[in-house]
Structures are given as C-alpha cells and as structure tokens.
Amino acid sequence: MRGARTAAAVAAGKLTGAATRALRRGGGTALPGLVALRVDPGVVAALGRQLGSGRVLVTGTNGKTTASRLLAGMLAAAGRPYLHNREGSNMVRGFASLLVRRADLLGRIPGADGMAGVFETDEATFPAAVRALDPDVMVVTNLFRDQLDRYGEVDTVAGLWREGLAAVRRDAVLVLNADDPSVAALADGWPGRVHWFGIDDPAFAREGTGAADARWCACGGDYVYERRYFAHVGWWRCAACGRSRPATDTTARAIRLELGGASWEMDGAGRVEMRLTGLYNVANALAAAGAARVLGLDEAAVRRGLRETSAAFGRQEVVLLEGRELWLLLAKNPAGANQVLLLLEQAGGPEMAIAGLLNDRFADGQDVSWIWDVEYELLAGRVARCWAGGDRAEDLALRLDYAGWPRPLAAAQSPAALLDAVLAGTAPGDRVFVIPTYTAMLDLRAELARRGAVRSALE
C-alpha cells in the first residue's frame, strides 16, 4: 500500500512539474512537491531514505546555500553521485519536488544506494526535515537575528534546532561552527560525534564587529572574547561557567581575501582557494569541508570542489549589463549586511559605486528597522555614487544619508527604474556593487533576465 501511494505521488508530482514548466508558471521547485505531499504525506521519507551514501542537512541563518553548494561541488569532484536542492527551495515541499523529479514511476530513485543527498534546510523546517530524511550528517553554519516576524528571536530558532536534534539517531554526526557560541551550545548533551570547524587568524579580529546576537551563556554569564571576527563570532568563553570555544577539526589559518576570491591554509589540505571571498564565506567553506570529511571524501576532492564551485545566484554573482559589471551581494539581515560592507571596505577599492535594494515582504521580514544595526558608516568617504531601490527605497536612502554616504542618485522602487538610473549614472567599464535583500534580488534578476543579462529561473 505504501509503495502504491508513493508511486501515485511521484506520478502526480511529475505531471504537475511538466505542466508548470510548459505553462512557464515557475521553475517546478515547489508546486510538484506540494501536490506529491498531498497525495502521500510520507513521500519525502519514502524517497529520501533510499539515498544510501549519506544524507546531509545544512541549515543556519546565513551561508547555508553557499555551504551546501560547495559540498555538492566536493561530491562532484570526488565522482560520487548526489542529489542537491540547488535551486534553493529549502522546505519540505522543495525536498519533495527534487526527489519526485529523480524518482521513477514505481517510486524508486535509480542508483540511490550509492547516492548522497545534500539538502539545504530552512531554519524552521529543520525538525520536519530530520523526521522525514533521517540524516547522517547535520551542518549548522551560524545563528543570527533574521526575519523576527517569521522566526522569532534567536532563542526560538535554537529551540527548533534542539527539537530536531532530539529526533536524530545517536550515530549521526553534527558539523558545527565552533566560533558561534549559540551553535556550539547545540552540542551540549549530544552523545554522538561532533566535527567542529572554525577560523584561527588573529589578523581578522576587530574591535567593532557589528550587533551581537549572543551575549549571554545559558548559565547567565557574559561571553568574553579573545578575538571577535564579526557579530558574536570568534574565540569566546563564558566568564561565569568557563564554557569556551571548542578545539576545531577543520580550521582556516593565514587567510588572504581579494575581491575575486579567497585562499587559506587548511589543516590536512595545505593551501586551498575558492572563487568566493569574504571571511563569512571562508566559514561557509569550512562547514562544507567538515561535512565532506565526515562523508569520507579525500582532500583532493575537497580542494577541487572549493576551487571550481561558482557562486550561487545573487551571492557574489557577477553580471554584465551594457558594459557595466554588476556584483550582486545578497544581504538579508544585520550580520550578513555587515560582512558584505566589511568585504567592500577591505577589497572594494576607492570611490565605489553601490546600489542597495530593500524589500519588506514575507521572505525578507516585514520589519526593516534592522537596517539601523547595519554599519553603513564603514564605507563613509569611500562611496562616490549610490542608488537606493526596492519597496522601501526611501527608508534605505534615509539610512544611507545618516551614514554619511552621498545623496542617492535615485530612490526607485521598481528594479527596471533602478537599473535605468544605474546605467544613466555610470559608463561602460564601471563596476557597481549591488546589495539586495532576498526578494529584491529575485526581482532584480528577473529584470536582468528580461534584458538578456542573466538566464531566467524558468530556463
């Protein structure tokens, strides 16, 4: 009975996906899964648990898309078959769509015994993902304040993660960020194996590191820092109970950051490099490398995966538009935005041109007061031209004015109007850094696709 129901769900999902793509009503990353789940609520478990070469969940506030993409690149470099929700549909319906697409009409995934699964997982979806997929490895990148109207405070998200971990097999492995005390706390009471990753480079410690979203230990004591890299991430300990940053298994030292990429010394792998840059992406790469090591990949595959994996859309993606070079740098919360600004301070050069886009839709968080926790002042005096865009363009323009940036050349709500203003204010050969929130990035890429600068998500 179960097999017949799963097969019916696969057939319904495939039919829905074909219709969706034929009608150009979406990319087929969510609706087929919704239909399949309606037919068989257990379809994700029935299909996903067929994957016998390691099922990996990757979650966190920031970096889960990049970390899972890098891990997929390492698996590809190792020649190991895998499934990955690459399009970023990271809820259970997205998992269902991916699995249905790869299954046959009998409800089987060909070659599943030797196949791994890399599932980027929304923070709030984590408990349901654990129950459905019975993961072998769970990766947590970081925990920051994000979309408070959707997720609640960071303690709420941490509670969801602990709920998910309570349902995990004890022989599963946690891959955790040792530099984030909130993530490290997930190991408290965990009886199984933990693989820790973190940064060991005092050159990147800073006095001003942005708003911290973890100030107190569970015992009530204050966190104190030997080093802080950004927000509450660094070499920490509790002044009261003595709990402290664990020793790391996968570590980055002697880091070099340039606009076009990053390199560092990684224990056991020598000097590695990747196309992405920024200290936050080094941490994402360590998360992926730690998971790859847990899965038994060799160091050559780890190095090659880092070196060859390109940016996900909107995350250090470079787009050419009428001779201008647009660098898309997604920033959806204070911690992420501060890291983007820090990267530009370090590697953006003098007299930068920057366009910011701010939306307040459900997927962004409808309270945009978080922009006042972003240290735009870091770039005061370094910005020659700027533009404000998105649904809340005027709010962003006001914030940039308080930060000492020049008056925006335009405050345009529509992406078409913003791009027209950017083209009018620049010349061929110019570079413009574009910093959008999530839905603003999707809107902008849709307009860039309409102009032929990027491929549409439907293609």
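**Questions on a predicted model**

Student: How many salt bridges does a search of the whole structure find?
Tutor: This is a predicted model, in which local features need pLDDT of at least 70 and side-chain atom pairs count only at pLDDT 80 or more, while totals for chains, interfaces and linings use all residues. Residues are numbered from 1 along each chain as its sequence is written, and side-chain values use heavy atoms, with hydrogens and water left out. With a salt bridge taken as a side-chain nitrogen of Lys or Arg within 4 Å of a carboxyl oxygen of Asp or Glu, the search of the whole structure gives a count of 28.

Student: Which residue forms a salt bridge with Lys64?
Tutor: The closest N and O atoms of the Lys64 pair are 3.1 Å apart, and the partner is Glu123. The pair links distant parts of the chain, 59 residues apart, with Lys64 in helix α4 (residues 64-77) and its partner in the loop between β3 (116-120) and α6 (126-133); helices (H or I, at least four residues) and strands (E, at least two) are DSSP runs, numbered from the N terminus. The name asked for is therefore Glu123.

Student: Are Lys64 and Glu123 buried or exposed?
Tutor: Buried means under 20% relative accessible area, exposed means over 50%, and partly exposed lies in between, using a 1.4 Å probe and protein chains only. Lys64 has a relative accessible area of 7% and Glu123 has 2% relative accessibility. Lys64 and Glu123 therefore both count as buried.

Student: What is the distance between the closest N and O atoms in the salt bridge of Arg131 with Glu163?
Tutor: Arg131, at a relative accessible area of 47%, is partly exposed, and Glu163, at 41% relative accessibility, is also partly exposed. The closest N and O atoms of Arg131 and Glu163 are apart by 3.6 Å.

Student: At what angle do the axes of helices α2 and α5 cross?
Tutor: Axes are lines fitted to C-alpha atoms, for helices over the stretch in contact, and angles run from 0 to 180 degrees between N-to-C directions. On the scale used, angles under 35 degrees count as roughly parallel, over 145 as roughly antiparallel, 65 to 115 as roughly perpendicular and the rest as oblique, and α2 and α5 are therefore roughly perpendicular to each other. The axes of α2 (residues 31-39) and α5 (residues 92-102) come within 7 Å, and the crossing angle is roughly 90 degrees.

Student: Which residues of α5 does α2 meet?
Tutor: Contact means heavy atoms within 4.5 Å. On the α2 side the residues are Leu31, Pro32, Gly33, Leu34, Ala36 and Leu37, and on the α5 side they are Val92, Arg93, Ala96, Ser97 and Val100.

Student: Which residues of the largest nonpolar core touch the most other members?
Tutor: A nonpolar core is a set of buried Ala, Val, Leu, Ile, Met, Phe, Trp, Tyr and Cys residues joined through side-chain atoms within 4.5 Å. In soluble globular proteins, nonpolar side chains tend to be buried together. The largest core here has 79 residues, and those touching the most other members are Trp264, Leu306 and Trp405.

Student: Which element gives the most to this core?
Tutor: Trp405 belongs to the largest core. The element that gives the most to this core, with 12 residues, is helix α10 (residues 279-294).

Student: What is the phi of Ala254?
Tutor: Most residues other than glycine have a negative phi, and most peptide bonds are trans. Ala254 lies in strand β9 (residues 250-258) and, at 43% relative accessibility, counts as partly exposed. Although Ala254 is not a glycine, its phi is positive, at about 50 degrees.

Student: Where does Glu322, another residue with a positive phi, lie?
Tutor: Phi of Glu322 is near 50 degrees, and at 53% relative accessibility Glu322 counts as exposed. Its place is the loop between β12 (315-321) and β13 (324-329).
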